[in-house]
Amino acid sequence: MSEIPASASVVVVGAGPTGLTAAVMLADADIDVVVLDGLAEGANTSRAVALHARTLEVLRELGIADELHDRGLEVPRFTLRDGGHRLGTISFAGLDTHYPYVLSLGQQITESVLLTRLRKAGGDVHRPYRVTAVRGDDTGVTVEYTDAAGGSGSIRADYVIGADGMHSVVRDQAGIGFTGDTYPESFVLADVRMDWPDSRDQLTLQLSREGITVIAPLPDETPDRFRVVATVDRAPEHPTLADIQAILDARRPGARIRELLWSSRFRVHHRVAETYRAGRILLAGDAAHVHSPAGGQGMNTGIQDAALLGTLLALVLGGESPDLLDTYESRRRPIALGVVALTDRMTTMATLRSRPARTVRNAAIRLLTHIPAVRHRIAYQLSELSNH
């Protein structure tokens, strides 16, 4: 990677989907943008796997939606189940969009396509550079960093975008609070090859007293690859095939795992930054909001943050009033609060423990999902088409 310059118009910290999207928007506008990331290489696992309709519309403007589509898997339905019983199905087919489905695609592919697009626009990512300090003043922001060899340096920018995740150094350095809480359960994440009793044209939200389980089909040469996300009281550090099989045996009998491709554990928070802007420092993606993976909203919300923020910064750097940046928070923070509330409700609903509460919940889901207007409203909300 080339040496980091002494100055740039914008420094983006973090080269996940959010940071890359912001960088593409800026590079396309001929803004001098430098992207710093602490990892030696991009993601090589599939972490987030759902691209929703609104996000695909945004990425279509960048000219990469077709490539993502060709490498992904269309999933047109979202199904809620309790054990082996189907409670309701939400179809995306009736949505007014070019993308009436969820596109299942590993995050590493999304990042790879975005990185190629950034390079086409004349940009790139500097790795591995760990940001250690961010200091803003009336005329710009100084970003200090260290490299893999222990060397240090700094870069001066007009603006900085913190897209460096939940444990954002940029947010902490800017003194921005991160309000919310942590779910008591652990989450297990795994990609597996398995015999799954349902069709591959649906995302499945399994409800059970043991916890929430999300099953997503993944694109592959063979139709047996799936993502499993599940809450457990105490997740092992390295979940094994037997651990994942035991979860499915309890929550969805009939599923049989044949191969564990990779696994991890994590804790989930529901938090939103108290402000998205501190002078010339701005936040996007997980640095600004984190929430339950129910509904697959996280990466999508971050990409949409970045698309708007990159557009606004390009306008300001092109001569528009800096006050225009205030519209970023006024438009995007309420959306994040709504996403946190939605995913928290979904998580709470899915993990009810008492039998009477689960019985009432299941009856309500069956009743409501038989109403076409309700099904359409849920599909519209999950697809994030309301987030214009």
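Mentor: Start with Gly106, which sits in the loop between strand E7 (102–104) and helix H4 (107–120). The model is predicted, and that applies to every value below. With a relative accessibility of 8%, Gly106 falls under the 20% cut-off and therefore counts as buried. Leu51 is 55 residues away from Gly106 along the chain, yet the C-alpha atoms of the two are separated by 9.4 Å. Gly106 also matters for the bookkeeping of domains: the assignment gives domain 1 as 7–49 + 106–180 + 270–346, and domain 2 as 182–269.

The contact between them involves 16 residues of domain 1 and 13 residues of domain 2.

Arg361 belongs to helix H9, which covers residues 355–368. Its relative accessible area is 6%, so Arg361 is buried, the limit being 20%. Once neighbours within four places in sequence are set aside, the contacts of Arg361 are Asp82, Leu207, Met349, Ala350, Thr351 and Leu352.

Some backbone geometry is worth checking as well. As a rule, most peptide bonds are trans, and most residues other than glycine have a negative phi. The peptide bond from Arg127 to Pro128 is cis, its omega being near -25°. Pro128 lies in the loop that runs between strand E8 (125–126) and strand E9 (129–136).

Two residues other than glycine show a positive phi. For Asp30 the angle is about 60°, and for Glu384 it is near 65°. Asp30 is in the loop between helix H1 (17–28) and strand E2 (33–36), whereas Glu384 is in the segment after helix H10 (372–382). Their surroundings can be told apart by accessibility. Asp30 has a relative accessibility of 72%, which is over 50%, so it counts as exposed. Glu384 has a relative accessibility of 0% and so counts as buried.

Now the chain as a whole. The protein chain contains ten helices and 19 strands. Its radius of gyration is 21 Å, close to the 21 Å that the globule rule gives for 388 residues, so the chain is as compact as a globular protein of that length. Along the principal axes, the C-alpha atoms fill a box of roughly 60 × 45 × 40 Å. Among contacts with a separation of 6 or more, 73% are between residues 24 or more positions apart.

The accessible surface of the protein chain is about 16,200 Å², and carbon and sulfur atoms hold 50% of it. There are 41 positive and 47 negative side chains, and the centres of these two sets are 8 Å apart.

Methods:
Residues are numbered from 1 along each chain as its sequence is written. This is a predicted model: local features need pLDDT of at least 70, side-chain atom pairs count only at pLDDT 80 or more; totals for chains, interfaces and linings use all residues. Side-chain values use heavy atoms; hydrogens and water are left out. Helices (H or I, at least four residues) and strands (E, at least two) are DSSP runs, numbered from the N terminus. The radius of gyration is taken over C-alpha atoms; the globule rule is 2.2 Å times the number of residues to the power 0.38. Contact means heavy atoms within 4.5 Å. Accessible areas come from the Shrake-Rupley method with a 1.4 Å probe; for residues, only the protein chains shown count as cover. Lys and Arg count as positive and Asp and Glu as negative; His and the chain ends are not counted. The place of a charge is taken as NZ of Lys, CZ of Arg, CG of Asp or CD of Glu. Domain bounds come from an automatic or database domain assignment. Buried means under 20% relative accessible area, exposed over 50%, partly exposed in between (1.4 Å probe, protein chains only).
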